[in-house]
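Hi there,

Here is the structure I promised to pass on. My notes on it follow below.

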Amino acid sequence: MKVCIVSSCLLGLACRYDGKAFVDLSENLKSKYLIVPVCPEQLSGLPTPREKCEIVGGDGFDVLSNRAKVMTESGRDVTDVFIKGAKMTLKICKITNAKIAFLKDFSPSCGVKSIYNGSFSGKKVRGVGVTTALLTKNKIKVEKII
Ligand code: SF4
């Protein structure tokens with residue numbers, strides 16, 4: 001059976017920044033894939049719950065190219081931490097031979113189509129999270145689960 005990586009918070013696991021989870025959305029994937037839950041931000045060593053973070057100055061590709069940063073709402077630069085979480089997620093993809101990941105949109109790590117714009121005002125822009133960018137650069141397909 002093929003392996004897929006899925007954002008842990010979409011599997012009912014309470015790893016979100018606010019300590020909550022979404023309902024388990026794995027039902028349709030189970031018949032096709034062996035599911036490996038991954039939370040890049042927990043893998044990076046960040047606690048749960050943790051401060052809200054957004055990408056400032058671009059998206060995940062810009063972060064990887066040193067053109068944008070990941071900041072907490074109180075102004076701490078956590079760019080290196082987010083890159084670490086992305087690298088660990090890529091490592092899990094390689095260990096498990098996963099070629100596809102279903103990730104949570106809007107997250108500064110897992111965003112697939114859109115992310116928050118860095119102003120902490122709830123506004124979204126087109127763009128991807130840091131983990132999505134790194135997986136995409138390494139030829140791992142990233143899709144939204146819903
Ligand atoms: S969106 Fe990604 S980084 Fe955020 S809680 Fe879910 S799995 Fe973790």
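A word on terms: buried means under 20% relative accessible area, exposed over 50%, and partly exposed in between (1.4 Å probe, protein chains only). This is a predicted model, in which local features need pLDDT of at least 70 and side-chain atom pairs count only at pLDDT 80 or more, while totals for chains, interfaces and linings use all residues. Residues are numbered from 1 along each chain as its sequence is written, and side-chain values use heavy atoms, with hydrogens and water left out.

Ser 26 has a relative accessibility of 3%, so it counts as buried. Beyond its neighbours within four places in sequence, Ser 26 is in contact (heavy atoms within 4.5 Å) with Leu 10, Leu 11 and Ile 35.

Thr 72 is buried too, with a relative accessible area of 3%. Leaving out residues up to four places away in sequence, Thr 72 touches Glu 51, Lys 52, Cys 53, Val 78 and Phe 120.

The backbone has some points to look at as well. Most residues other than glycine have a negative phi, and most peptide bonds are trans. Here, a cis peptide bond with omega of about -5° joins Thr 48 and Pro 49. Phi is positive at Phe 106, near 80°, and this residue is partly exposed, with a relative accessible area of 26%. Lys 139 also has a positive phi, near 65°, but Lys 139 is exposed, with a relative accessible area of 75%.

Happy browsing!
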